[in-house]
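I opened the notebook to look up charged side chains.

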Amino acid sequence: MKKFSTKVIALVCVAALSFSVAACSKAGGKTGGGRETSDGTKRVKNGSGDPTYTTDVTDVTDVTDPTDPSALGDFIPTSDTLTYPDHVAAFEEIHPSHTPGNVSGADAVKLLNEVETDVLHHEINCYADIEILFKDPEKLGYKVDDISWGESTGIDGYDEEKQYYQGLLDKLLTINFDSLTGEDRLCYDRLVYDFEENIYGYSYTAFEYYEMIFNYLVGPQCEVLFILDVYSFDTVEDADNYILLLKDIDRYYDSMCEYEEERAALGFASSDTSYEEAAKSFDSLVEQKDDCFLYDSFEERLDNIQGLSSADKDRLIKDHETAMKDVVFPEFQECADRMRGLKGSGGVDAGLSQYRGGDAYYAMLTRVLSNSTASLDESVAAVDGKLDSVFTEFNAILSSGYGAWADEYLNHKYSKGDVQDNLDFLLEAVKRDFPDIPAHGYYLMDVPEVFEENFSPAAYLGYHLDSFEDNVIIVNNAQVDDDFGVTVAHEGYPGHMFQSIYTRAHTTHPYMHLSVSTGYLEGWATYVENYSMGYFADDPNSDGVKMITYESLLSMLASTRVEFGIHMEGWTLTECVDYFNNFGFQVTEDNFSKFYTLIITDPGYYVKYGMGYVWTQKIMDDMHAKYPDATDKDIHTAYLDSLTGNFTSIEKNMDTILG
């Protein structure tokens with residue numbers, strides 16, 4: 001229940017497995033991701049959440065083998081100062097059925113809107129988030145005088161937070177649900193579901209400490225420079241506030257270091273490898289002190305301030321450089337030192353099931369991140385079934401020998417050129433199979449050179465979600481490959497940008513696009529990424545297209561199953577490697593150890609992608625089977641019109657629409 005990371009959409013990173021399938025000469029699979037940043041340099045008018053940030057985890061050095069989890073022994077946290085669940089709660093315990101309330105009609109809609117506004121102001125409450133999420137925050141009643149990155153709740157605030165969400169839930173339950181219609185009913189469902197999850201999550205203070213904040217790949221330090229590059233300036237006050245935000249990094253990152261130190265003191269210490277990798281991520285930031293892209297970016301953004309005097313410009317540039325060199329980079333150095341100071345705390349790499357209450361925490365995490373009402377056992381069964389199906393189909397084609405499919409598999413080019421060429425192509429191509437979206441604008445931005453090596457070919461940012469004009473597509477020209485068109489489909493049309501714009505255009509409830517499960521976002525983007533391969537292939541149903549799709553899915557689904565194995569069954573590094581190689585991957589303990597540590601320190605890392613896709617694909621398959629006369633466009637429109645509820649809610653609403 002930590003709230004250190006800003007709630008700026010879904011700034012999440014995903015590591016792409018580069019392990020190749022045995023007997024296949026092309027390395028396997030892209031994976032959907034979520035890396036979002038910055039305002040751009042090129043604007044496209046009237047064209048038609050989380051983008052991809054990939055890192056090759058196979059090229060690693062200086063990695064210590066994880067300690068055998070059986071060595072946990074006395075280090076299993078049992079602090080009497082914390083509260084732990086004594087069992088894994090069934091779904092019905094957290095989400096019981098409710099008797100309809102007595103508030104109906106216009107009064108019910110008014111109360112629903114009041115609760116929605118209340119929770120949005122509660123959850124989005126600091127300058128760092130508000131300025132990125134809203135172009136016109138005052139219109140939604142936002143006015144923030146404290147220029148900061150916000151505060152963490154901490155265990156001292158758990159009771160208060162639990163009572164807060166219980167109070168909102170009690171208000172919602174006075175509404176007669178049957179009197180609501182359309183999107184009001186969908187928003188009610190989403191709010192009730194989320195409030196009940198929050199009430200459960202704030203019931204156990206141990207939940208605060210299972211996860212490391214400074215994960216080396218997805219921690220806030222991995223995205224902070226990109227977040228800073230997003231802020232735009234219309235006035236001198238905007239630029240001054242930005243500098244105040246830089247200075248607040250000292251306080252903000254100190255509080256996160258204190259959290260990591262508190263975790264270790266309570267017996268939740270991460271492994272020495274995890275702390276060293278976190279320290280290295282800060283080392284990389286410190287190295288940019290004298291040559292950071294933000295120096296030039298800041299000056300360029302000042303040019304947007306109309307009437308800026310030369311005196312004010314000179315002052316702002318000087319104040320910015322001082323804040324960066326005297327506050328920001330020294331703070332990053334301090335964080336590196338403090339993370340290395342935690343080495344020797346006795347932590348090991350072990351799955352959550354090996355910690356007291358960890359299985360219940362992981363069950364909650366899986367529900368929330370996968371956007372599903374399924375239990376852990378049901379999720380494992382679903383991914384096992386999908387893996388078996390995909391692997392069977394893959395082998396059936398492979399065993400037929402290198403026929404016509406092999407040429408396309410090995411030599412295909414699923415791209416129409418640069419990012420603009422692919423966006424223009426896809427904008428027209430998707431009209432046959434997907435609904436229309438309103439006129440909108442987007443910017444194209446090049447990834448700063450210093451990040452090109454580890455950034456994916458492209459990424460999407462839904463910046464200023466109260467406007468259709470400020471979408472951002474980030475392009476890494478150094479990572480563009482022959483499948484770049486499919487990557488653009490994932491990020492642009494009909495992927496993240498398409499879905500974000502459509503959802504915003506079809507709901508008056510901002511909660512439905514501001515509080516979206518990553519499982520929903522990545523489930524859709526991965527589904528349409530695979531679907532869009534057909535737009536680039538001569539024959540969308542060919543075995544070559546199927547092989548390319550299957551290989552990508554095998555990588556993602558096997559990664560998801562390995563995560564379940566680690567956190568539910570205590571799989572060791574060796575067991576994970578053996579599992580991958582059973583599917584024909586060529587994996588060794590040396591090239592998998594860093595990835596193993598990543599999954600340990602960031603539980604739920606692959607669940608949101610793998611299970612998001614599994615449940616999305618299942619809904620599409622089930623709807624086609626149930627409504628055989630419905631076109632792909634009918635199915636996709638019904639899915640998107642069901643908005644961003646959990647997958648059970650979406651499927652139920654699609655039945656209503658299609659039936």
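Is E277 buried or exposed? I looked this up first. E277 is buried, because its relative accessible area is 6%, under the 20% cut-off. I note that this is a predicted model.

Next I looked for the partner of E277. The side chains of E277 and K594 form a salt bridge, at 3.4 Å from N to O. E277 sits in helix α8 and K594 in helix α21 (residues 589-601), so this pair ties together parts 317 residues apart in sequence.

I then checked E276. Its side chain meets that of R340 in a salt bridge of 3.2 Å, N to O. This pair also has its residues in two helices: E276 in α8 and R340 in α10 (residues 310-341), 64 residues apart. I logged E276 as buried, at 15% relative accessibility. R340 is partly exposed, at 30%.

I turned to R432 and D433. Their side chains meet in a salt bridge, 3.2 Å from N to O. The two ends contrast: R432 is exposed at 59% relative accessible area, whereas D433 is buried at 8%.

I also found a network. D240, D312, R315 and D319 are joined by salt bridges that share partners. My total for salt bridges is 27.

Last, I went to the surface. A patch of negative charge gathers D290, D291, D296, E299 and E300. I picked D291 from it. D291 lies in the loop between α8 (272-286) and α9 (293-302). I logged D291 as exposed, because its relative accessibility is 68%, over the 50% cut-off.

Key: Residues are numbered from 1 along each chain as its sequence is written. This is a predicted model: local features need pLDDT of at least 70, side-chain atom pairs count only at pLDDT 80 or more; totals for chains, interfaces and linings use all residues. Side-chain values use heavy atoms; hydrogens and water are left out. Patches are made of residues with over 30% relative accessible area and no salt bridge: like charges are joined within 9 Å, nonpolar side chains (Val, Leu, Ile, Met, Phe, Trp, Tyr) within 5 Å. Accessible areas come from the Shrake-Rupley method with a 1.4 Å probe; for residues, only the protein chains shown count as cover. A salt bridge is a side-chain nitrogen of Lys or Arg within 4 Å of a carboxyl oxygen of Asp or Glu. Lys and Arg count as positive and Asp and Glu as negative; His and the chain ends are not counted. The place of a charge is taken as NZ of Lys, CZ of Arg, CG of Asp or CD of Glu. Helices (H or I, at least four residues) and strands (E, at least two) are DSSP runs, numbered from the N terminus. Buried means under 20% relative accessible area, exposed over 50%, partly exposed in between (1.4 Å probe, protein chains only).
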